[in-house]
Amino acid sequence: MKISDELRDKMMELAYEAMERAYAPYSGYKVGACVLTKSGKLYQGCNIENAGFTPTVCAERTAIFKAVYDGEYQFDAVAVVGNGDKWGYPCGVCRQVMAEFCNSDFHIFVGDRERRITEISFGELLPNAFGPGAF
Ligand code: THU
């Protein structure tokens with residue numbers, strides 16, 4: 001699905017807003033996300049770290065899981081932004097979660113702390129994904 005520039009900009013804005021909610025006392029790396037459901041709803045998420053490190057959850061998964069809890073299982077796009085000076089592409093665990101709920105044409109907009117934006121599709125980010133279609 002084509003995402004208009006206006007919708008992309010709104011998603012980026014909501015992702016930067018979500019970044020302010022990050023709980024990242026260990027890394028200091030704050031991440032915000034905003035995911036667009038196929039039904040047109042937007043869900044925000046932030047990273048939530050833990051003293052045990054491994055229970056840490058990324059911003060993308062927080063946003064997707066909030067949506068899934070609400071009964072939304074299909075997505076068209078995500079905006080993910082961080083306070084780093086380089087683009088922070090979704091981690092491997094988040095890519096696998098996306099494989100469960102997103103198609104290869106799912107749009108991923110990535111922004112850095114200077115609000116520079118780049119875009120990549122899920123198919124480019126995780127080719128030959130192992131997903132529900134495997135069964
Ligand atoms: N992080 C995300 O929120 N999303 C990603 O895709 C990459 C990593 C978070 C997890 C952790 O809180 C911090 O960034 C450093 O890894």
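The model is predicted: local features need pLDDT of at least 70, side-chain atom pairs count only at pLDDT 80 or more, and totals for chains, interfaces and linings use all residues. Residues are numbered from 1 along each chain as its sequence is written, and side-chain values use heavy atoms, without hydrogens or water.

E1 (residues 31–37) and E2 (residues 42–46) run antiparallel and are joined by five bridges; strands pair if DSSP finds at least two bridges between them. Leu-36 stands opposite Leu-42 in E2.

The residues surrounding the ligand (a heavy atom within 4 Å) include Val-31, Asn-47, Glu-49 and Ala-59.

| Residue | Protein atom | Distance to a ligand oxygen |
|---|---|---|
| Asn-47 | side-chain N or O | 2.9 Å |
| Glu-49 | side-chain N or O | 2.5 Å |
| Ala-59 | backbone N or O | 3.0 Å |

Taken alone, the ligand exposes 370 Å², of which the protein buries 78% (Shrake-Rupley method, 1.4 Å probe).

Key: A polar contact is a pair of N or O atoms within 3.5 Å; within protein, one must be able to donate a hydrogen and the other to accept it, and residues adjacent in sequence count only if both atoms are side-chain atoms. Helices (H or I, at least four residues) and strands (E, at least two) are DSSP runs, numbered from the N terminus.
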